[in-house]
Each structure stands twice: as structure tokens, then as C-alpha cells.
Amino acid sequence: MLVGGQSVTEFLSSVLPVPGDSSLEDEFQRPLVTLTFAQSLDAKIAGKGGKQLILSGRESMLMTHWMRTNHDAILVGIGTALNDDPQLNSRHIPEHERPSHLPRPVILDTNLRLRPDCKLLKNYRERKGRRPWVICDANLTSGDGRKSILEDAGARVIGVPSVDVIRISSGFIVIPDLLKVLYNFGIKSLMVEGGATVIGSFLAECARTKPNTIIDTLIITIAPMLIGDDGVGYAEKLLATQIPSLKHIQTEVMGRDVVIVSALK
């Protein structure tokens, strides 16, 4: 598939951080982070109550699946995991073109609400996907029945200390601490896909700290549709002071969608 006269892989290599670049790793001790999601024209990413919407067209969906193969791990919040039951793999890439690398699914699940029969764990048990990591409040990693249930189903449960700073689902985990833990577990590049609370929290953290200490690249796919007030957005709870400044890198049309690539400044 061509994007502006270049292949998808060429397009991604021109806009994504280079895996293995040690400059950020040495300074911040965190993964290279790509925040990416699809939205409607009125900035909605899900339907009423978080119901999954198919926003991306065929071409931009394929781009997303190629993008996943460029990262060590994919992060989503527990709301997305429960509402969408995602697989977080590269299944839309033609099998004969599919890279051997599979990203690690990471679920931000402060209170361990992930279902043990979800597709991520089912795929792992059937050797169709990598073992999911579930990030929770460190206080839940000992003596909790939910932890044992998820581990028996195949998950790796990792505790991160929580404090009252950034709200994610019904718990509080500081994003820089989360990134440092993932880095220490060998994740050098991370693709953050959502949902709304996770996206808003990452953007707000960029405004609270130096932007390039949290996110390296922001890639937004805009679909030609309107959802309305019932839809779920990611910026409703962000104050103007919590929205970081962006530096435009590239805009491309992919099928029916427009893909905008920015860096944070």
C-alpha cells in the first residue's frame, strides 16, 4: 500500500522514533513512546458508555498494524480491554508480509478487572500471541485472588506503586513511574493506543513535565464521520493548561482517512 507515493513501512520509518536510539534512554530511562489513536471529526474515540467504534478505514487500520510491529509493546487501559476485548496483534498485515516480531500486550489495570477469558489471554494460551502483562497497584500483588486468577489464565501481573496524582480507571499510577518500570522490564519502545482516560492522562502529564520526557510521537487518524454528544472523547477533562504544544511533522491521506503526525514541544 502506498502513502503519498511511499510504502507504509517507509512512511512509518520517516515519522516514528528509531528503535535502538539510546539518546532518550540514557537521559530519561524510559521507552520511546508513540501515542496513537483514531477519532471522528468531532474528536470522539468511542460510542456511548465506551462502546467500541470502528473508526479507521482499511488503509489506516493496516498502518496501525504495521506500526505495532515497530514497537516492543502496546499499552491500553482496562476500559478498552473490557469494552473492546482487543487482540493487539498484526493480523491485518498479509501473512506473507507479516514480520515475525509480535508486540507485547500491556494492560493498565490498577484494580485487576481484566477478564481471564479475554482474547489476549486466549491467544497466548493457544500460542497465537505473546504473554500479556497486566500493570496494577503494587498493593494488589500479594494475597489477592484476582492476581492468582489472572496468572493462572496466563497473564504476568506487575505491580507499580500508586499515588493520588494521575487518575487512570479507578486507581492512581504516575505515568513516569509506569514508563520506568516498563523500561526496566526491557520495553524500549511503547505504542499507547487508548482509551480516552489513558490518552488524556498521557497528554496531561506532558503538560505537567517536559513534553519529550513522556511522548515522542503523536499519530492521530481522523475518520470522516460524526459521532455526537453521546460519544466518548479524550479531551473533555483536559484544561487548556494541560494541552501540550505540538509540532507538525507530516499529514497524509490514507484511503478515506487523514493521518496527522506531530511531535510534542
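## Cavity

The structure holds one cavity of 30 Å³ or more. This is a predicted model, in which local features need pLDDT of at least 70, side-chain atom pairs count only at pLDDT 80 or more, and totals for chains, interfaces and linings use all residues. Residues are numbered from 1 along each chain as its sequence is written, and side-chain values use heavy atoms, with hydrogens and water left out.

On a 1 Å grid over the protein atoms alone, a cavity is a set of points where a 1.4 Å probe fits but cannot get out; lining residues have an atom within 4 Å of a point. Grid points are joined across faces, edges and corners, and a volume is the space filled by probe spheres set on the points. The largest cavity has about 90 Å³ of space. Among its lining residues are Gln87, Leu88, Pro103, Asn123 and Arg130. The lining divides into five nonpolar, four polar and two charged residues. Here Ala, Val, Leu, Ile, Met, Phe, Trp, Tyr, Cys and Pro count as nonpolar, Asp, Glu, Lys and Arg as charged, and the others, Gly among them, as polar.

## Largest pocket

A pocket, unlike a cavity, is an open set of points, with protein on both sides within 12 Å along at least five of seven lines. The largest pocket has a volume of about 1,000 Å³. Its lining has 43 residues; Ile45, Gln52, Thr80, Asp84 and Glu193 lie nearest the centre. By class, 18 are nonpolar, 17 polar and eight charged.

Several helices and strands supply at least two lining residues each, including β3 (32-39), α3 (58-68), β11 (189-194) and α8 (196-208). The most come from α4, with six residues.

## Overall make-up

The protein has eight helices and 15 strands. Helices (H or I, at least four residues) and strands (E, at least two) are DSSP runs, numbered from the N terminus. Of the 265 residues, 52% are buried. Buried means under 20% relative accessible area, exposed over 50%, and partly exposed in between (1.4 Å probe, protein chains only).

Contact means heavy atoms within 4.5 Å. Among contacts between residues at least 6 apart in sequence, 75% join residues at least 24 apart.

## The sheet

Nine strands form an open sheet with mixed pairing, in the order β8-β7-β6-β5-β11-β3-β12-β15-β14. β8 (156-160) and β14 stand at the edges with a single partner strand each, so one side of each has no neighbour in the sheet. From one strand to the next, the twist averages 25°. Two strands pair if DSSP finds at least two bridges between them. β5 and β11 pair in the parallel sense over four bridges. In that pair, isoleucine 74 stands opposite methionine 191 in β11.

Axes are lines fitted to C-alpha atoms, for helices over the stretch in contact, and angles run from 0 to 180 degrees between N-to-C directions. Helix α1 (residues 8-15) lies across β12, β14 and β15, at about 175° to β14. α8 lies across β3, β5, β6 (104-108), β11 and β15, at about 125° to β11.

## Strand β15

β15 covers residues 257-264, and six of its eight residues are buried. It pairs with β12 (residues 217-222) in the antiparallel sense over five bridges. Threonine 221 has valine 259 of β15 as its bridge partner.

β14 (residues 246-254) also runs antiparallel to β15, joined by eight bridges. Methionine 254 stands opposite aspartate 257 in β15. β14 and β15 make a hairpin with two residues between them, and glycine 255 in the turn has a positive phi of about 60°.

In helix α7 (residues 175-184), Ile175, Leu178, Leu179, Val181, Leu182 and Tyr183 are buried. Glycine 186 follows α7 and has a positive phi, near 95°.

Aspartate 216 sits in the loop between α8 and β12. Is aspartate 216 buried or exposed? Aspartate 216 is buried, because its relative accessible area is 14%. Aspartate 216 and threonine 34 are 182 residues apart in sequence, yet 6.0 Å apart in space, C-alpha to C-alpha.

Glutamine 242 lies in the loop between β13 (232-233) and β14. Glutamine 242 counts as partly exposed, because its relative accessibility is 25%. Not counting residues up to four places away in sequence, glutamine 242 touches Leu203, Ala204, Ala207 and Lys237. Its C-alpha atom is separated by 9.4 Å from that of serine 201, 41 residues apart along the chain.
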